[in-house]
Amino acid sequence: MEHTISVNLKIWRQRGPKEKGQFVNYHLDNVSTGSSFLEMLDMLNQQLVERNEEPVVFDSDCREGICGMCSLYINGHPHGPVQGITTCQLHMRKFNDGDTITIEPWRSAAFPVIRDLMVNRNAFDQIQQAGGYVSFNCGGAPDANDTPISKEVADVAMDSATCIGCGACVAACKNGSAMLFVSAKVSQFALLPQGQVERKRRARAMVAKMDELGFGNCTNTGACAAECPKNIPLSNIARLNREFINAKCAE
Amino acid sequence: MIDMKKLEGMIDSSPIMKDFADIETGNMPEYTIDSKIPEGPVAEKWTNYKAHQKLVNPANKRNLDIIVVGTGLAGASAASTLGEMGFNVYNFCIQDSPRRAHSIAAQGGINAAKNYQNDGDSVYRLFYDTVKGGDFRSREANVYRLAEVSNNIIDQCVAQGVPFAREYGGLLANRSFGGAQVSRTFYAKGQTGQQLLLGAYASLNRQINKGQVRSFNRREMLDVVIIDGRARGIIVRNLVTGEIERYAAHAVVLATGGYGRAFFLSTNAMGCNGSAAVQAFKKGAYLANLAFTQIHPTCIPVHGEDQSKLTLMSESLRNDGRIWVPKKKEDAEAIRAGKLKPTDIPDEDRDFYLERRYPAFGNLCPRDIASRAAKERCDAGYGVGTGNAVYLDFKYAIERLGEDVVRDRYGNLFDMYQMISDDNPYHTPMMIFPASHYTMGGIWVDYELQTSVKGLFAIGECNFSDHGANRLGASALMQGLADGYFVLPYTMQNYLSDQIKVPHFTTDHPEFDKAEKAVRERIEKLMNIKGTKSPDEIHKRLGHVMWNLVGMGRTLQSLVKATEEIEEVRKEFYTDLRVVGSADDLNTELEKALRLEDFLVIAKMMAIDALNRNESCGAHFREEYQTADGEAARNDKDYMYVSCWKYTGDTEKPILIKEPLKYEAIQVQTRNYKS
């Protein structure tokens, strides 16, 4: 059964990308263990507003683990201590009465802090814009069943396509590498027949953009896959390396 | 029984009802409405339209600018396709990336009349099911076009590399959904909306890379700018800096989603809002059928007052799950008291009420019917959990198919349920309850998806067009993409064909000054109330009013009471709102306050629209109008029309304009899911 707990919060607060930030401590009583983590932060913000203070800024939208908008580094883990979920899916029943919870933004050079726990992830959009698509104009598509695709291939492509673009992989990586994110998109199209024509060009363009935007290099630590809320497997990175080498050799 | 004496007293004391009474007595001026439906048989209308519409040649497209607000399925598909055609597109979203729009959360699937399963599907049958599912309150010509282009959507998405589910032979898989007797739903696990949106987002990215589409994130539209009777631009607030910005174009497209968060608790995302619709309304666009709001039957029940949103469990679960409550009231009471577990109740003591009441469709009856039936059982005292929940049981599916098959079909949904509720649905039935999910009503548009303001278009959920009084499952994705990929790109050309000589607009026109000034004054007004209540507190209060009085079951009394209570919430908003922080800075409280101010307008219009419609149809259930066995009693004689509302001023009465609905290809009948 659900009950209520008290928690101590240590939250990173920072006015802007260039300003100095610091941890601020808050105490919160009567948190229902049935509440989600973000509902707990909503409660805190309600109390801050009642005290005429500015609320803690954080991103969230769908609150069901699919839009990728929420982030937060909770007790040293992107999206908190439970594997395979986003912050919005984390529930307070995972914490104990009296716990101190440390909450930080994603920390990566490529994701500057906008305010408090909100960061700028435009770099991810820019990587996708560089080549994360099939160049195909609306209108002239052949019948959807013209090209059979084996269930096994479609399922693996789907697993890669499941990436929600939240940035946890970058935040988890000691090098701030975006390889898991990039490899998921490259893999989806490398696996499917529709992606073949631009396969090499795509791998080159997306990797080049990733490097240009200041993401670090991959050293195969695997923290990204371990912390990924959608369990995107590390094998995607192996596939990206293969795709990239093939593309470079073909140049 | 309704106490008419008491009611008259209420009507007299309610300012809104006075306005409304005028409309009823016909004291309002008559307005005509032109839905521009092409001539000819319904199956040929769209073909004829495309054959005869005006086009814009490639060289002229380069000189024309289009603003698209929103990046969900409708917005992203429209922006990318218009970009592919050669128009200059300015695309806006409130999130940090176009990929976050709430279309992404759609789980179950997308309908198309491909008939790949050889089960008798056709364009006509999809059309028929959609009109019937909408309880004969949608426009025949629009729905036929929707069914017609549904097949193109699947082709388009596969060509983009959307990884739909497939059979072992390599062809596309389908599943069945509520309101249909064929399997026509295409899906990608329980993440169909995500995959379709990422497909549209990819196409959009290609156009952004080419410079054909310019993307503006974390921007919220706060007004439409009208110049000489045509929509020519928007005013937006930069959500990071707080700056007010101006953008001009030859046409403006709204793709801003539904207003379901008028109920505060809903399955919509935190940022979903009805503000663009309200701004369009205030600039002359009609709002239509606002009473038609869908309450989805399979959501996870509310846990407490701190709840911020509700989570939907895909309707696809109703394919294999059986819905029940205890047959005996004492069993239900014992379950609520924690003395009995659902697994303690033997089969013969379970009331599979949907199978009992609707034998032909059973657990797959349409959403409005399933939601009301759940409410009926809970109101009668048979609810479980907090009393506001029913069971969705997979015991029978596991017995029939084995746990592995069930896991393969629904594994991610079961995991999601367990994460939220802490119950294991493989061992104990899920608990579900209806929640606000989708809004069929919205901005009125004609056949070309143009609003009553020239050059202002509305696509996707934010328009009212295709679902009538109730939307069938897996049809929202279909409509969003139909509008964006296959309808608007045509009709937009027809509109712009005589605009080719109009030069690029600049934003120093006096109308932009005026609109920006109004936006600044509005913000300043809210900042200066300096009361004690946060926007969320007031929004929750509005949500309670809407859920209790304008929710699943409405009565004349509840609606009159709603108009009064909405007025009280409105007063509280304007006298006791507190917005901390400053206006010219990142300010999430101000964002919420601005959206809430618009929800108050929508809420009032929802209640008025529901009051006007003295019948039960689809999702709009007026308890006074039901048959002896509790089914909706439609009144085709008096209400077979689209109720369009025209704004006349903040404190003035809205004007009702009726667009009559004519059914030529389908025989109008009582909706029957029993036999």
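Start with an open sheet in chain B: five strands, in the order E11-E15-E14-E12-E13, with antiparallel pairing. Strands here are DSSP runs of E with at least two residues, helices are runs of H or I with at least four, and both are numbered from the N terminus. Two strands pair if DSSP finds at least two bridges between them. The edges are E11 (293–299) and E13 (350–351) of chain B, each pairing on one side only. Look at E11(B) and E15 (430–439) of chain B: five bridges, antiparallel sense. In that pair, B:Gln294 stands opposite B:Tyr438.

A word on ground rules. This is a predicted model: local features need pLDDT of at least 70, side-chain atom pairs count only at pLDDT 80 or more, and totals for chains, interfaces and linings use all residues. Residues are numbered from 1 along each chain as its sequence is written, chains are lettered from A and ligands numbered from 1 in the order in which they are written, and side-chain values use heavy atoms, with hydrogens and water left out.

Now the interface. 73 residues of chain B are in contact (heavy atoms within 4.5 Å) with 73 residues of chain A. The two chains bury about 6,200 Å² between them, 51% of it on carbon and sulfur atoms. Buried area is the accessible area, with a 1.4 Å probe, that two parts lose on being put together, summed over both.

How many salt bridges cross between chain B and chain A? The rule finds eight. It asks for a side-chain nitrogen of Lys or Arg within 4 Å of a carboxyl oxygen of Asp or Glu. One example is A:Arg115 with B:Asp585, where the closest N and O atoms are 2.8 Å apart. Several helices of chain B give two or more residues to the side that touches chain A, including H5 (73–85), H7 (140–159) and H19 (588–612). The largest share, nine residues, comes from H8(B).

A:Leu72 is not a glycine, yet has a positive phi of about 80 degrees. A:Leu72 sits in the loop between H1 (37–50) and E3 (73–74) of chain A. Buried or exposed, this A:Leu72? Buried, with a relative accessible area of 1%. Buried means under 20%, exposed over 50%, partly exposed in between, with a 1.4 Å probe and protein chains only.

B:Phe136 also has a positive phi, about 55 degrees, and is not a glycine. Its loop lies between H6 (123–133) and H7 of chain B. B:Phe136 is buried, at 0% relative accessible area.
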